[in-house]
2 protein chains.
Amino acid sequence: MRVTCIAGGVGGARMALALQEALAPGELTVVGNVGDDTEHWGLQIAPDLDTVLYTLTGRIDPANGWGVAGDTRAVMDEITGLGEDDWFILGDRDLALHISRTRKLAAGEPLSAITADVAARWGCPSTLLPATDDRLRTWIATDDGELPFQEWLVRRRAADPVAGVRFEGVPGARPGPGVLEAIAEADRIVLAPSNPFVSLDPILAVDGVRDAVRVRRADVVAVAPVIGGRTVKGPLVGMLETLGHRPDAVGIAACLADLAAAYVVDPADAGLATDVEALGLRPLVVPALLKDATARAGVAQVVLA
Amino acid sequence: MRVTCIAGGVGGARMALALQEALAPGELTVVGNVGDDTEHWGLQIAPDLDTVLYTLTGRIDPANGWGVAGDTRAVMDEITGLGEDDWFILGDRDLALHISRTRKLAAGEPLSAITADVAARWGCPSTLLPATDDRLRTWIATDDGELPFQEWLVRRRAADPVAGVRFEGVPGARPGPGVLEAIAEADRIVLAPSNPFVSLDPILAVDGVRDAVRVRRADVVAVAPVIGGRTVKGPLVGMLETLGHRPDAVGIAACLADLAAAYVVDPADAGLATDVEALGLRPLVVPALLKDATARAGVAQVVLA
């Protein structure tokens, strides 16, 4: 069985892990978000791709959901004394990846090749594809002006209400090698429980990707990133409100109804099933909080059925 | 009293420390070598400048004579698993400096301003001036062809006999801000016990620097980097031989006779005093191994007298 998961953020990484655990090695392809990539201390950081890589290779810090378990901060302790910014935490082992990637990108290697090489070195059983090798950056419109995504999320702690989201580089960003094929040829496509505005949309905004998913709608299952009206992780519910959507799992479903035929909701939201059906989505009710292996297996089983 | 020390390598850093300890804060200016600067893992490394900085601010690893005392290697342990070179050791705290410098250089800041900023942040009592802000690189001619300096020294452990030394970028490399003034206006100029071919020469090769030292010859004291026919640190004696010089302190003196009026030799080399005098240099005999504070004070006293 070939499965393609469209995944951004921590929710995307956890969904990818759920699928990887349920599938045979090589069966899962993850298409990852690069819209929140950033430059920090002059290094090229790819937070979403790295969170997937770390999660699928058992390196992830389980407490944070990002970064490397047991990582140290010797470089960070020293570099902030040299006047460098201190608001974006980068552990030492995590930095090794950023330093190497920065060197390889400067040498002209595409992000997709670099990512595949790291995944192979770390024995990752799944394929991880950046949505695009071209520059694509997520900007957040706020009352204080438009902010780069990480400035809004990390530096300002997502405190500024979101008036809009813009993807620099689209149209024009070409799908990374294998992305359209992974969507066209998969037996099942999963839209991970990721923020649709800043995690899924920057993937879908790449030239041709949204249409490629839409034509596969019958085989697409989405998983709700909101349970009982609360975001599992991150600032999603506030964004639903300020962007004019219903602030619950139905609000998300409305955003994804043209792409997916089925929609996983938690039993806490079973009462929303009728509203989900009204959007043309078949509701699948299963405990949807991907908090441990049992929960991950349960969601994977429903999604892959 | 204003003193300017022309210094490369570990011997240069130790001489600078000897002078700093003997002088009041602000009295010492060190002109440092950039010929062995290199790019590693895509980062801009300045080994000689950093050895001086670390030595003059008490950060130096006393066992190696380079790097930061007590440094860790978390980044290095991880990055070599990503396929990056493992032959140049970079500790975590050391890397912080390289990352920050690389970012600032890419942003257009000159090396001299970056170096001054770091020295100020670390409370360095002395002034450290890169010989030039322009690109100057030392190449070593060997039977295997010409090698970048660090490849020859570190990767191949200085095992290839040296057939010649070339400085890429000269003529044309302009003296860094303050370099010519520091030489013209000093009460005393010290040529540190550094390898003349690969540590002093790349400083003196910068446009105008050799002439600026030469016209101050009467106030210039050199310190022998060879004691009893053995190099204190590094591959100097072998270079003296393959480059056609007498392989002892007199061979060094001959290289520096047009620049210095006096020459410090160790009591182990007191028997060479007549040969030194024959070159037109006044020999000054004092224990010259800069191994501890007492030895440093003794050499500094003689040099500054």
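Q: Which residues of α13(B) are buried?
A: In this predicted model, the buried residues of α13(B) are B:Arg296, B:Val299, B:Ala300 and B:Val303. The term applies because each has 20 or more other C-beta atoms within 10 Å of its own.

Q: What makes the buried residues of α13(B) line one face of the helix?
A: When α13(B) is viewed down its axis, its buried residues fall within an arc of 100 degrees, so they line one face. The face turned away from the buried side carries the exposed residues B:Thr294 and B:Gln301. The buried residues pack against α1 (9-22), β9 (188-191), β10 (220-223) and β13 (262-265) of chain B.

Q: How does the reach of helix α13 of chain B stand against the expected span?
A: Helix α13 (residues 293-304) has 12 residues, and 16 Å lies between its first and last C-alpha. This is close to the 16 Å expected at 1.5 Å a residue.

Q: Why is helix α2 of chain B called mostly covered?
A: Of the 10 residues of helix α2 (residues 47-56), 10 are buried. Among them are charged residues, B:Asp48 and B:Asp50, as well as B:Leu49 and B:Val52. After α2(B) comes B:Gly58, with a positive phi near 75 degrees.

Q: Which residues have the most contacts inside the largest nonpolar core?
A: They are A:Ala16 and B:Ala16, in a core of 194 residues. Beyond its neighbours within four places in sequence, B:Ala16 is in contact with residues including B:Cys5, B:Leu28, B:Val52 and B:Leu56. In soluble globular proteins, nonpolar side chains tend to be buried together.

Q: Why is A:Glu151 called partly exposed?
A: A:Glu151 has 17 C-beta neighbours inside 10 Å. A residue is buried at 20 or more and exposed at 12 or fewer, so a value in between is called partly exposed. A:Glu151 therefore counts as partly exposed. This residue is in helix α6 (residues 149-155) of chain A.

Q: What makes the bond between B:Val170 and B:Pro171 a matter for comment?
A: The peptide bond that joins B:Val170 and B:Pro171 is cis, with omega about -5 degrees. Most peptide bonds are trans. B:Pro171 lies in the loop between β8 (164-168) and α7 (179-185) of chain B. In chain A, a cis peptide bond joins A:Val170 and A:Pro171, again with omega about -5 degrees.

Q: How do you know that a two-fold axis relates the chains?
A: Chain B is superposed on chain A by a rotation of 180 degrees with 0.0 Å of shift along the axis, at an RMSD of 0.0 Å. That is the relation of a two-fold axis. In chain B, the C-alpha nearest the axis belongs to B:Asp92, 3.7 Å from it. The same surface serves both copies, since 100% of the contact residues of chain B recur in chain A.

Q: Which helix supplies the largest share of the side of chain B that touches chain A?
A: The contact takes 24 residues from each of chain B and chain A. On the side of chain B, the largest share, 10 residues, comes from α4(B). By class, that side has 12 nonpolar, 6 polar and 6 charged residues.

Note on methods:
Residues numbered from 1 in each chain as written. Chains lettered and ligands numbered in written order. Predicted model: local features only at pLDDT ≥ 70, side-chain atom pairs only at ≥ 80, totals over all residues. Least-squares fit on C-alpha atoms with pLDDT ≥ 70 in both. Contact = placed C-beta atoms within 7 Å. Helix = DSSP H or I, 4+ residues; strand = E, 2+ residues; numbered from the N terminus. Expected span 1.5 Å × (residues − 1). Arc of directions from axis to C-beta. Core = buried A, V, L, I, M, F, W, Y, C linked by C-beta atoms within 7 Å.
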